[in-house]
Amino acid sequence: KYIRRNSDGALFALIYLSAGEVKRYSATHSLLVSAICCMAARDVLKWPAKEQVLICEAALTMNLGMTDLQDRLAQQAEPLSPLQRQQVDSHPQKSCDMLRQRGVTQADWLEAVLHHHTRVPGPLEGRSTGQRMARMIQRADMFAAQLAPRAGRQPTAPSTAMQATFFDENRKVDAAGSALIKAVGIYPPGTFVRLANNEIGVVVRRSANTTAPRVAVVISRSGTPTAEHAMRDTSMAEFRVVASVPHRNIRVVINLAKFLPLTGFVPLSRLG
């Protein structure tokens with residue numbers, strides 16, 4: 001419900017947290033994948049309401065079979081052990097088995113979870129509902145995984161991860177990836193960017209132009225943190241986005257309670 005009321009706020013919180021969260025990686029990751037799949041299904045692909053709900057449920061439960069392992073791997077610097085590799089490879093089936101044990105019988109939901117790591121490029125048309133959802137989740141999963149830090153590597157900037165999602169395994173425009181980018185933008189909320197005037201800001205709202213979001217300034221042109229976060233319309237030449245800035249390079253602490261109102265925040269108490 002919150003994603004429907006304030007998609008920008010949900011993205012802002014989840015993308016910002018994904019860039020720094022490792023202890024609860026599995027939960028944050030699944031929430032982000034679910035959010036962007038829901039938005040693409042609703043706003044771009046115009047799927048029926050039932051399918052919008054199903055893809056959210058499938059994304060939230062795709063890693064049910066390896067939740068604890070996924071959290072440990074986020075903090076593990078060494079390569080996967082043979083046992084860990086086996087657990088990762090078998091988790092889609094295990095997740096399906098656990099869902100069935102909990103009473104899930106919806107075939108499309110189960111099919112999407114079972115095949116969410118299957119790489120089948122090409123159009124979404126002509127696939128079963130479950131297979132269409134699986135492809136959407138696979139591409140969103142790949143995008144979200146690149147955002148998260150690991151003990152052995154730094155996260156990828158959201159804009160870079162999103163651009164990589166745009167092309168499929170054959171280096172052609174990917175139907176699912178394209179829908180995801182149209183839904184959340186090249187610079188989604190929660191992304192840090194450098195502007196043409198040399199200010200650094202954080203994206204707080206998307207716009208009709210996927211490359212020109214609304215930005216709140218966090219670092220001035222002189223390199224000092226700003227007390228008041230001026231809003232910039234990046235469709236204007238003087239404020240255009242010239243580069244994304246890695247989360248690790250930002251020394252400003254983002255207070256979500258302070259920034260969420262800039263996204264069009266709707267308090268949880270008013271959601272009913």
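1. The crossing of α2 and α3 is left-handed, meaning that the near helix is turned anticlockwise from the far one by less than a right angle. Helices are DSSP runs (H or I, at least four residues), as are strands (E, at least two), numbered from the N terminus. The axes of α2 (residues 7–18) and α3 (residues 25–44) come within 10 Å and cross at roughly 145°; axes are lines fitted to C-alpha atoms, for helices over the stretch in contact, and angles run from 0 to 180 degrees between N-to-C directions.

2. This is a predicted model, in which local features need pLDDT of at least 70, side-chain atom pairs count only at pLDDT 80 or more, and totals for chains, interfaces and linings use all residues. Residues are numbered from 1 along each chain as its sequence is written, and side-chain values use heavy atoms, with hydrogens and water left out.

3. Five strands form an open antiparallel sheet in the order β4-β3-β2-β1-β5; two strands pair if DSSP finds at least two bridges between them. At the edges, β4 (231–233) and β5 (241–244) each pair on one side only. The twist averages 45° from one strand to the next.

4. Strand β3 (residues 214–219) pairs with β4 over three bridges, in the antiparallel sense. R214 has D233 of β4 as its bridge partner.

5. Helix α2 also packs on the sheet, touching β1 (192–195) and β2 (200–205), where contact means heavy atoms within 4.5 Å. The direction of α2 makes about 135° with that of β2.
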